[in-house]
Amino acid sequence: PWQAEAAKRGIHGSATLPIHQGGEIVAVLKLYVSERNFFDSDQLALLEEMRADISFALDRFDTEAKKAQAEAALRESEVRFRALIENASDITAVVSQDGMISYASPSIKTIAGYDPDELVGSHMVQIIHPEDVQAATLTLSESIRVPEEAHRVELRIRMKDGLWRVFDVLVRNQLGRAAIGGVIVNMRDVTERKLAEVTRAELAALVASSRDAIYGTDVNGSVTVWNPGAEQVFGYGASEVVGRPVTMLAPAELVDEPVKLRQRVLSGEAVSDFETVRLHKDGRLIAVAFTISPIRDVSGNAAGLSVVARDITERKRAEEELKRLNRALRTLSAGNETLIHAQDEQQLLQDLCRLMVEVGGFPLAWIVYADHDDAHATRMAAHFGFTEHEFEAVTTAWANTEYRPTTDAIRTG
């Protein structure tokens, strides 16, 4: 139908020219003529040349558009990169392959105190600790030798005020990128982390070498850490107690005490030098003094307890021995004073019995006379400590010669 319509309009011939772009046909140019046999070889050659020109122009327009897009994307990328660098908390620098600084991010002012322009044009070794220069130089050389990998090193960097701080340094070779043309150096201040690591190592060494029992528990009272000192004090190895409740160390009558102590500490109360007793692995009771502190997480919440337990068994024994000695000395002194001022034998004996109880701390004291007759009878001279009724019941048994401590003392002197 369209051919008949074209003939009515006087069109008797046509030529079709494919238009290429980027090696592909992207359009078609159609030409119509009113003359028959119009497109001879000369006309077709001219049309072919025109088609080629159009394709060339389209290719040029496409190339320029893509180039413009790429340039715009590059500019946008550079803007984003610079915004990231200028607002980053880390320091970013660009150095040449021989170590000359060509760029320093503005963050270096906040972190190290330098204006970026102070460092641009200077050599990197000017701010690196002398003992770390070799490591820095080797890392830079390695990044040039193996450009496809990032290289890491720790360096001490001098601040503007002269102090040295430790930085984790990441080096990337970007010499092949025209927009950068250098080695990118990212530096993060890790001084506090390094100090914390040293502190933790020192504390771990102290805990490991301490003769005191040092252990940790979670908030529920299960043992999480157990040092060699704890093994020495309580007799249990770490594998025997870690994961178990700390109440295993308490004697039956004190099984609730660890729970109460934990609740006191978690509620904010200080527990220091709390003296009590605990069970050794061999079943004997040992005297201990506890100092308990909360372990807090980064949010300040209690995550567990740190417990230091000192074995004070020998100290308590020495204290008891000293008490006994002091009591004996006080009793002797009081007895001598009584002897000096005594005027009546019966009163003297009664006062001596009283002093033995009141000063000496004995629950009962008595003195009997030994009659040297055929019955070997004993006569009560004085007593103190029991009521008269209770004492009468006891003295009836004391008259029996089978009561060996009394009778033996009388017989043997």
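Leucine 325 counts as partly exposed at 46% relative accessibility, where buried means under 20% relative accessible area, exposed over 50% and partly exposed in between (1.4 Å probe, protein chains only). This leucine lies in helix 10 (residues 313-341), helices (H or I, at least four residues) and strands (E, at least two) being DSSP runs numbered from the N terminus. The model is predicted, and local features need pLDDT of at least 70, side-chain atom pairs count only at pLDDT 80 or more, and totals for chains, interfaces and linings use all residues. Residues are numbered from 1 along each chain as its sequence is written, and side-chain values use heavy atoms, with hydrogens and water left out.

**Whole chain**

- The protein chain has 13 helices and 14 strands, and 29% of its 413 residues count as buried.
- Of the contacts (heavy atoms within 4.5 Å) between residues at least 6 apart in sequence, 36% join residues at least 24 apart.

- Leu325 makes a nonpolar surface patch of about 280 Å² together with Leu322 and Leu329; patches are made of residues with over 30% relative accessible area and no salt bridge, like charges being joined within 9 Å and nonpolar side chains (Val, Leu, Ile, Met, Phe, Trp, Tyr) within 5 Å.
- Arginine 324 forms a salt bridge with glutamate 321, their closest N and O atoms being 2.5 Å apart, where a salt bridge is a side-chain nitrogen of Lys or Arg within 4 Å of a carboxyl oxygen of Asp or Glu.
- Both of these residues lie in helix 10, three residues apart, about one turn of the helix; arginine 324 is partly exposed at 41% relative accessibility, and glutamate 321 is partly exposed at 44%.

**Other salt bridges**

- A search of the whole structure finds 30 salt bridges, including one between the side chains of arginine 51 and glutamate 48 (2.5 Å, N to O).
- Arginine 51 and glutamate 48 are separated by about one helical turn because they are three residues apart in helix 2; arginine 51 is buried at 12% relative accessibility, whereas glutamate 48 is partly exposed at 39%.
- Aspartate 132 and arginine 156 also meet through their side chains in a salt bridge (3.0 Å, N to O), and this pair links distant parts of the chain, with aspartate 132 in the loop between helix 4 (116-119) and helix 5, and arginine 156 in strand 5, 24 residues apart.
- Aspartate 132 counts as buried at 11% relative accessibility, while arginine 156 is partly exposed, with a relative accessible area of 27%.

**Nonpolar cores**

- The largest nonpolar core has 23 residues, and those with the most contacts inside it are Ile108, Leu155, Ile157, Phe167, Val169 and Met187; a nonpolar core is a set of buried Ala, Val, Leu, Ile, Met, Phe, Trp, Tyr and Cys residues joined through side-chain atoms within 4.5 Å.
- At least two residues of this core come from each of strand 3 (91-95), strand 4 (101-104), helix 3 (107-112), helix 5 (133-145), strand 5 (151-158), strand 6 (164-174) and strand 7 (182-189).
- Apart from this core lies another, of 22 residues, among them Ala213, Trp226, Ala230 and Val241.
- Beyond its neighbours within four places in sequence, isoleucine 157 is in contact with Ile127, Ile128, Leu163, Trp164, Arg165, Phe167 and Met187.

**Helix 9 and its packing**

- In helix 9 (residues 257-266), the buried residues are Glu257, Pro258, Leu261, Arg262 and Val265.
- Seen down the axis of helix 9, these buried residues fall within an arc of 135°, so they line one face of the helix; the arc is that of the directions from the helix axis to the C-beta atoms.
- Lys260 and Gln263 are exposed on the other side of helix 9, while its buried residues pack against strand 8 (213-218), strand 10, strand 11 (285-296) and strand 12 (302-311).

**Positive phi values**

- Aspartate 273, in strand 10 (residues 271-279), has a positive phi of about 50° although it is not a glycine, and this aspartate is exposed, with a relative accessible area of 55%.
- Asparagine 37, in the loop between strand 2 (24-33) and helix 2 (41-87), has a positive phi near 55° and is exposed, with a relative accessible area of 79%.

Definitions and conventions. Accessible areas come from the Shrake-Rupley method with a 1.4 Å probe; for residues, only the protein chains shown count as cover.
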